[in-house]
Protein chains: 2
Amino acid sequence: MNQIREAQAHIFKALGHPSRLIMLAALRDGEKCVCDLQALVGLDMSTVSKHLSVLHAAGIVDKEKRGTNIYYRLTLCCLETFLACTEDAIRRRLAAKAKLLED
Amino acid sequence: MNQIREAQAHIFKALGHPSRLIMLAALRDGEKCVCDLQALVGLDMSTVSKHLSVLHAAGIVDKEKRGTNIYYRLTLCCLETFLACTEDAIRRRLAAKAKLLED
DNA sequence: TGGCTACTTGACAAAATAGCCAAATATTCT
DNA sequence: AGAATATTTGGCTATTTTGTCAAGTAGCCA
């Protein structure tokens with residue numbers, strides 16, 4: 001059971017970085033190579049590569065080499081739903097805060 | 001949009017620790033006071049309190065003081081589903097690995 | 001009031017993480 | 001083979017996180 005919590009924490013820790021979330025959001029539209037993702041987040045290529053290896057180690061993405069490129073894609077089926085759900089929750093919170101400031 | 005990713009990362013980062021996940025799993029059955037949760041994870045009370053404040057800051061749990069106790073409970077509606085889903089994914093992976101070693 | 005229990009906060013050391021640069025690897029093209 | 005492109009890895013520093021102990025706050029009961 002504790003082994004489960006460790007692995008689960010591993011997944012969440014991997015999800016816990018803005019750049020990684022930006023990349024994952026992009027991957028919702030389909031696979032992307034590292035250079036695509038680098039262009040998206042604007043960090044050093046080596047940094048992007050390390051972020052991707054964190055996601056891969058957690059089993060959130062898969063990679064496949066084709067030619068000189070390596071393409072990453074989502075593997076954790078339920079991720080999309082939860083990403084969408086937390087986004088909604090956050091939007092609701094932001095809206096609530098904005099409303100509070102209004103008065 | 002990036003503000004969303006920041007807030008989202010904040011939530012995931014908060015979820016990314018085994019002790020916090022153990023406590024959250026316990027909270028699925030209903031609210032618990034800090035001492036209950038401390039007994040569960042077996043860390044110093046101050047450490048448990050800090051873990052809980054991380055969860056609270058991320059908006060994952062709510063707290064309510066009643067008498068000398070403070071009771072924490074889940075607030076992020078979609079969390080349960082995702083916790084269950086990642087658990088399943090991990091179990092599947094562990095099973096697959098076990099099967100691989102069998103041969 | 002004083003003492004007890006429940007919890008939080010501050011200070012601090014140890015470990016993990018994020019970012020960059022430079023170097024290594026692998027594949028394709030000439 | 002040699003050059004060019006795409007990606008990973010190692011080394012390094014700065015920052016963040018985790019955990020403990022000690023001290024502080026708050027509610028309850030004698």
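Student: How many helices and strands does chain A have?
Tutor: Chain A has 5 helices and 3 strands (DSSP runs, H or I over at least four residues for helices and E over at least two for strands, numbered from the N terminus). This is a predicted model, where local features need pLDDT of at least 70, side-chain atom pairs count only at pLDDT 80 or more, and totals for chains, interfaces and linings use all residues. Residues are numbered from 1 along each chain as its sequence is written, chains are lettered from A and ligands numbered from 1 in the order in which they are written, and side-chain values use heavy atoms, leaving out hydrogens and water.

Student: Ok, what order do the elements of chain A run in?
Tutor: Starting at the N terminus, they go α-α-β-α-α-β-β-α. The C-alpha trace of chain A spans about 60 × 40 × 20 Å along its principal axes.

Student: What about helix 1 of chain A and helix 1 of chain B, at what angle do they cross?
Tutor: Their axes cross at roughly 155° and come within 7 Å (axes are lines fitted to C-alpha atoms, for helices over the stretch in contact, with angles from 0 to 180 degrees between N-to-C directions). So helix 1 of chain A is roughly antiparallel to helix 1 of chain B (under 35 degrees is roughly parallel, over 145 roughly antiparallel, 65 to 115 roughly perpendicular, the rest oblique).

Student: Left-handed or right-handed crossing?
Tutor: The crossing of those two helices is left-handed (near helix turned anticlockwise from the far one by less than a right angle; clockwise is right-handed).

Student: And which residues meet there?
Tutor: A:Ala9, A:Phe12 and A:Leu15 meet B:Ala9, B:Phe12 and B:Leu15 (contact means heavy atoms within 4.5 Å).

Student: Now helix 5 of chain A with helix 1 of chain B: how do their axes cross?
Tutor: At roughly 115°, coming within 10 Å. That makes helix 5 of chain A roughly perpendicular to helix 1 of chain B. This crossing is right-handed. Residues in the contact include A:Phe82, A:Leu83 and A:Ile90 from helix 5 of chain A, plus B:Ile4, B:Phe12 and B:Leu15 from helix 1 of chain B. By class, the contact has 9 nonpolar, 3 polar and 4 charged residues.

Student: Switching to pockets, how much space is in the largest pocket?
Tutor: About 210 Å³. A pocket is an open set of points on a 1 Å grid over the protein atoms alone where a 1.4 Å probe fits, with protein on both sides within 12 Å along at least five of seven lines; lining residues have an atom within 4 Å of a point. Points are joined across faces, edges and corners, and the volume is the space filled by probe spheres set on them.

Student: Which residues line the largest pocket?
Tutor: Among them are A:Gln3, A:His10, A:Gly59, B:Arg93 and B:Lys97. Helix 1 (2–15) of chain A and helix 5 (79–102) of chain B each supply at least two lining residues. The lining has 6 nonpolar, 3 polar and 2 charged residues.

Student: What about the second largest pocket, how much space lies there?
Tutor: About 160 Å³. Its lining includes A:Arg93, A:Lys97, B:Gln3 and B:His10. Helix 5 of chain A and helix 1 of chain B give two or more residues to that lining, which has 6 nonpolar, 3 polar and 2 charged residues.

Definitions and conventions:
Nonpolar A, V, L, I, M, F, W, Y, C, P; charged D, E, K, R; others polar.
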